[in-house]
Amino acid sequence: MAEEEMELSEKQKKEIAKWFLLNSPSGEIQYVAKDVRSVLNDENAYNLAASEAFPIYNKTHMICLEMPERLGDLDENEYLDPRTAQVAKVDHIKQICTDVRPASDEELPSAYIEEFRCALDAEVLKYVGEAYPKGVCSVYCTSGKDVEEPGSDFELVVVISATRLSPQNFCNGSWRSTWHIEFKDEIQVVEVRGKMQVVAHYFEEGNVQLDANHECSDSTIFQAPDDIAMTIANIIRHHETEYLTTLQEFYSNLPDNTFKDLRRKLPVTRTLFPWQNTLQFSLTRDITKELGIGK
């Protein structure tokens, strides 16, 4: 007698649903959520999974809202837009902004830090406008925002996000990069650490996904706000351009190099395959001869 199927607990259902939501390709979580909700057929388990997964997904994928677009999280549902000094309340599941209020003085950096943040924001905004169609960016202070004068360390973070969604053509993709910039006043050095991630999904009569990431670091000397902002923007530009060039070269050479390496060096004939002269082979002729067709 076959064993009876075990009923999944609500916790197991929630974790399975959460996994699917978190692993949704760029721009497709609402489609995945609709299917997961239908298959799960358990509203309580789905709501628990959605309440946990959507905030993580939205922040990881740097989802941008109509108002405002550049946000740094203050708590679970409130995000700071440092460029406009506003705080937005967000509904993560609907992915909309439900309320906006002015940021308090405690939520904003000091005038000294804001001078550096604002200068860097202007330079990064200029770069993103040139490099990424419909790209968005933000610069905010994550450490030392109350520093009033030279003599103390602080950290700024640059986030860049660009998406290209075309579900009607069965393809979606996104670029995300995060740059941590540590200003070390005592040794007059600025250290830059970056992480870039490229995600693409092509699903016409199939399911092909790309998820590539790269980390790098750099440094420069401590300078005045306008000067250091230009230097940091150039560092970001250099590393992102270099990574994109590397990806393009790799995928351009994929058929000639990587796919060949997947084959064994010698086929069953013990003869090297003549990649430079494949016209001498005729698959149709060989099959016809083998099967005795036409005789």
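**Close-up views of a predicted model**

**View 1. Helices H1 and H2 are roughly antiparallel to each other (that label is for angles over 145 degrees).** This is a predicted model, in which local features need pLDDT of at least 70 and side-chain atom pairs count only at pLDDT 80 or more, while totals for chains, interfaces and linings use all residues. Residues are numbered from 1 along each chain as its sequence is written, and side-chain values use heavy atoms, with hydrogens and water left out. Helices here are DSSP runs of H or I with at least four residues, strands are E runs of at least two, and both are numbered from the N terminus. H1 (residues 10-22) packs against H2 (residues 29-40) at an angle of about 155°, with the axes 9 Å apart. Axes are lines fitted to C-alpha atoms over the stretch in contact, and angles run from 0 to 180 degrees between N-to-C directions. On the H1 side, Lys13, Ala17, Phe20 and Leu21 make the contact (heavy atoms within 4.5 Å); H2 brings Ile29, Val32, Ala33, Val36 and Leu40.

**View 2. Here is the largest nonpolar core, with 36 residues.** A core like this is a set of buried Ala, Val, Leu, Ile, Met, Phe, Trp, Tyr and Cys residues joined through side-chain atoms within 4.5 Å, where buried means under 20% relative accessible area (1.4 Å probe, protein chains only). Leu120, Leu156, Val158, Ile160, Ile181 and Phe183 touch the most other members. Among the elements that each supply at least two residues are H4 (111-131), E5 (136-143) and H5 (225-252). H4 gives the largest share, eight residues. Leaving aside residues up to four places away in sequence, Leu120 touches Val139, Leu156, Val158, Ile181, Ala229 and Ile232. A second, separate core of 14 residues includes Ile29, Leu40, Ala50 and Ala53.

**View 3. Strands E6 and E7 run antiparallel, joined by 13 bridges.** Strands count as paired if DSSP finds at least two bridges between them. Phe154 sits opposite Phe183 in E7. Four residues separate the two strands of this hairpin, and Phe170 in the turn has a positive phi of about 60°. Ser166 lies in E6 (residues 154-166) and is buried, at a relative accessible area of 12%. Not counting residues up to four places away in sequence, Ser166 touches Cys171 and Asn172.

**View 4. On to E7 and E8, an antiparallel pair joined by 14 bridges.** Trp179 has Gly194 in E8 as its bridge partner. This hairpin also has four residues between its strands, with Gln188 in the turn at a positive phi of about 55°.

How values were computed. Buried < 20%, exposed > 50% of the residue type's maximum accessible area, 1.4 Å probe, protein only. Parallel < 35°, antiparallel > 145°, perpendicular 65-115°, else oblique.
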